[in-house]
Amino acid sequence: MRVSRFLLSTVRETPAEAETVSHKLMLRAGMIRKLAAGIYTWLPLGLRALRKVEAIVREEMNRAGAQEVLMPAVQPAELWQESGRWDRYGPELLRLKDRHQRDFCFGPTHEEVITDLIRREIKSYRQLPANFYQIQMKFRDEIRPRFGVMRAREFLMKDAYSFHINEASLGETYQVMHATYSRIFQRVGLEFRPVAADTGAIGGSHSHEFHVLADSGEDAIAICSKCEYAANVEMAQALPPMGKRPAPGQPMQAVDTPGKHSIEEVSRFLKIDPKRTVKTLLVKGTGGVIALVLRGDHELNEIKAAKLPQLAKPLVFVTPGEVELAAGCEPGSIGPVGLKIPVIADESAARLADFVCGANLNGKHLVNVNWGRDATEPVVADLRKVVEGDPCPDSGKGQCGGTLSIRRGIEVGHIFQLGTKYSEAMQATVLDEAGQSVVMPMGCYGIGVSRVVAAAIEQNHDDNGIIWPDAIAPFQIALVPIGYGKSEKVRETVDKLYGELVHAGFDVLLDDRDERPGVIFADMDLIGIPHRLVLGDKWLAKGAIEYKGRRDKAPREVPLDQTIPFLGAQVKK
RNA sequence: CGGGGUGUAGCUCAGCCUGGUAGAGCACUUGCUUCGGGAGCAAGGGGCCGGAGGUUCAAAUCCUCUCACCCCGACCA
């Protein structure tokens with residue numbers, strides 16, 4: 001492609017609306033333009049990257065034996081009423097009426113449509129297992145679209161749905177999809193982790209999210225230094241500390257801590273490690289108020305806490321007034337000693353001896369407190385968020401000896417074992433070997449294709465712009481002539497080389513504009529072309545060409561007649 | 001949906017407080033010079049100041065109402 005015939009809409013100044021790096025760079029590089037909140041046009045440059053991601057996804061899905069279909073974006077309400085989601089999905093479902101006032105929606109996902117299709121088309125266990133996918137625009141009327149295409153309302157998604165005769169078959173396909181997703185993100189060229197995820201409202205036994213690691217990611221992920229363990233921090237199990245609780249030492253004693261409330265204030269005032277203190281949080285239980293106790297340096301994991309049977313379903317903290325009633329003091333001075341309400345302590349807090357806690361009296365704390373002796377032995381549970389350096393729970397496979405580090409991630413894929421949630425509601429059955437009607441267990445597997453593009457930029461950029469991984473770069477090679485308009489020889493040589501490169505199968509962008517070199521270099525860096533060739537009269541005289549990889553600090557010289565084999569070795573296909 | 005903010009040239013913004021002929025830089029067009037890291041000079045095109053009402057002799061500016069967009073929270077590929 002020649003730049004003179006390509007819509008290269010780079011802008012020097014960052015549009016005010018953009019906040020994140022990928023959003024800024026996608027606008028500046030001329031990849032996308034906004035039409036409305038969360039709704040974007042993909043310009044030629046952006047679409048090239050998007051299509052490359054799409055192609056990799058399609059190849060790997062096909063390789064995994066999935067069949068491509070294309071389902072309608074607009075779907076009749078009846079299907080959604082049948083699955084029960086017409087009412088449950090809420091305002092995120094964009095609803096519309098046709099000229100006959102019949103209800104439709106713009107598909108945010110396609111479980112209903114595929115289940116309807118399959119219950120009509122598949123009758124026998126002989127046709128199973130079967131896995132169908134599509135790559136198609138979805139619409140979700142997000143409360144707050146942001147970060148450009150990272151969280152758009154309209155976005156390109158690969159969604160796949162598998163159907164099975166039994167759970168064992170579902171488990172097998174799930175493993176295949178897990179491996180397929182890993183291949184996909186590996187090929188795209190991103191640093192990623194499959195992460196154990198909460199099955200939550202959707203139910204089912206297994207779910208993994210695939211996260212691209214990037215500092216700007218919205219999710220915190222705990223990753224093991226030694227093994228493959230990775231989990232959303234919300235999910236990551238905190239192992240109980242090793243060994244037994246030490247025996248009580250000193251007798252308990254009340255101390256004045258005037259005006260000191262937070263753990264930080266109290267521990268600094270008493271010159272004590274926050275690890276020797278506990279914090280007490282009061283929440284609503286199914287009966288009355290319940291106290292949750294954590295070690296001072298730990299934070300409550302609200303997801304874990306909400307799962308405790310003793311607690312009210314959405315986790316609710318009590319008001320300061322209710323704290324006064326239950327503990328007899330302000331929130332900064334609560335402690336487990338003498339509390340008349342049930343106490344649930346995190347494993348680490350329960351393992352402390354001679355610790356510091358609030359005295360349930362304003363301005364006072366207790367030191368050398370011990371469970372059993374001073375405070376009632378608490379119910380023990382895993383309540384806290386894991387922190388950097390925690391031992392790896394090792395997916396239950398024994399001790400790997402690694403420690404956890406906390407990284408940020410962008411969720412680009414999610415795989416689920418759905419079970420029979422939809423097939424049951426919509427009566428998708430087949431006959432098994434014995435001629436019995438069986439409800440098909442299902443799996444579903446999504447990849448945010450357009451989000452992958454943004455995530456790739458979040459992970460790969462510098463001050464000058466995007467740095468594409470070779471596999472999804474809109475162009476692999478930037479061919480930059482110096483003096484294209486002036487030097488007949490340069491033009492001839494560059495045109496010839498361009499033809500040869502294209503013939504050799506490279507995606508080449510020839511910048512044949514009558515621009516100063518600085519402008520061209522800046523543009524090529526901004527749009528992130530991973531390999532750059534520069535040719536001018538001074539190189540021609542040497543019979544050589546200049547090559548620079550986008551990440552390289554300095555360019556190097558390549559004999560002109562070696563250009564193609566040289567690039568063959570440089571460019572990853 | 002709650003809280004905060006912004007709408008003026010294609011982009012980034014000034015002008016608004018204190019009403020009186022709509023501006024700058026970048027981008028765009030033309031010419032000349034320049035030519036390995038976002039050039040210089042000159043000339044030019046481009047605005048219903050988000051929209052609707054009002055106050056006033058006079059409104060980008062003051063008032064009311066609307067719409068759109070952005071940022072912070074709960075959701076998700």
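The exercises below, each with a worked solution, concern a predicted model of a protein with an RNA strand.

Residues are numbered from 1 along each chain as its sequence is written, and chains are lettered from A and ligands numbered from 1 in the order in which they are written. Because the model is predicted, local features need pLDDT of at least 70 and side-chain atom pairs count only at pLDDT 80 or more, while totals for chains, interfaces and linings use all residues; side-chain values use heavy atoms, with hydrogens and water left out.

**Exercise 1. Determine how helix H1 and helix H12 pack, and which residues meet.**

Solution. 
- Step 1: locate the elements. H1 covers residues 21-28 and H12 covers residues 449-459; helices (H or I, at least four residues) and strands (E, at least two) are DSSP runs, numbered from the N terminus.
- Step 2: take the geometry. The axes of H1 and H12 are 8 Å apart, at an angle of about 105 degrees. Axes are lines fitted to C-alpha atoms, for helices over the stretch in contact, and angles run from 0 to 180 degrees between N-to-C directions.
- Step 3: classify the angle. Angles under 35 degrees count as roughly parallel, over 145 as roughly antiparallel, 65 to 115 as roughly perpendicular and the rest as oblique. H1 and H12 are therefore roughly perpendicular to each other.
- Step 4: list the contacts (heavy atoms within 4.5 Å). From H1 come Val 21, Ser 22, Leu 25 and Met 26, which meet Val 453, Ala 454, Ile 457 and Glu 458 of H12.
- Step 5: sort by class. The contact of H1 with H12 has six nonpolar, one polar and one charged residues. Here Ala, Val, Leu, Ile, Met, Phe, Trp, Tyr, Cys and Pro count as nonpolar, Asp, Glu, Lys and Arg as charged, and the others, Gly among them, as polar.

**Exercise 2. Describe the five-strand sheet and the helices that pack on it.**

Solution. 
- Step 1: find the edges. Strand E27 (508-510) and strand E30 (556-559) each pair on one side only.
- Step 2: examine one pair. Strand E29 (residues 544-549) is antiparallel to E30, with four bridges, and Ile 545 stands opposite Val 558 in E30.
- Step 3: Helix H14 (residues 517-526) touches strand E26 (477-481), E27 and strand E28 (531-535), and its direction makes about 175 degrees with that of E26. Helix H16 (residues 563-570) touches E26, E28, E29 and E30, and its direction makes about 130 degrees with that of E30.

**Exercise 3. Characterise the protein surface near RNA strand B.**

Solution. 
- Step 1: identify the residues. Of the 43 residues around RNA strand B, Arg 12, Arg 144, Asp 525, Trp 539 and Glu 546 come nearest; a residue is near a molecule or strand if one of its heavy atoms lies within 4 Å of it.
- Step 2: consider the RNA side. Sugar and phosphate make up 45% of the atoms of RNA strand B that come within 4 Å of the protein.
- Step 3: inspect polar contacts (pairs of N or O atoms within 3.5 Å; within protein, one must be able to donate a hydrogen and the other to accept it, and residues adjacent in sequence count only if both atoms are side-chain atoms). Phosphate oxygens of RNA strand B lie 2.6 Å from a polar side-chain atom of Arg 144 and 3.2 Å from a polar backbone atom of Ala 37. An N or O atom in the side chain of Arg 516 is 2.7 Å from a base oxygen of RNA strand B.
- Step 4: assign elements and classes. H14 gives the most to this surface, with eight residues. The residues of the surface divide into 17 nonpolar, five polar and 21 charged.

Conventions: Two strands pair if DSSP finds at least two bridges between them.
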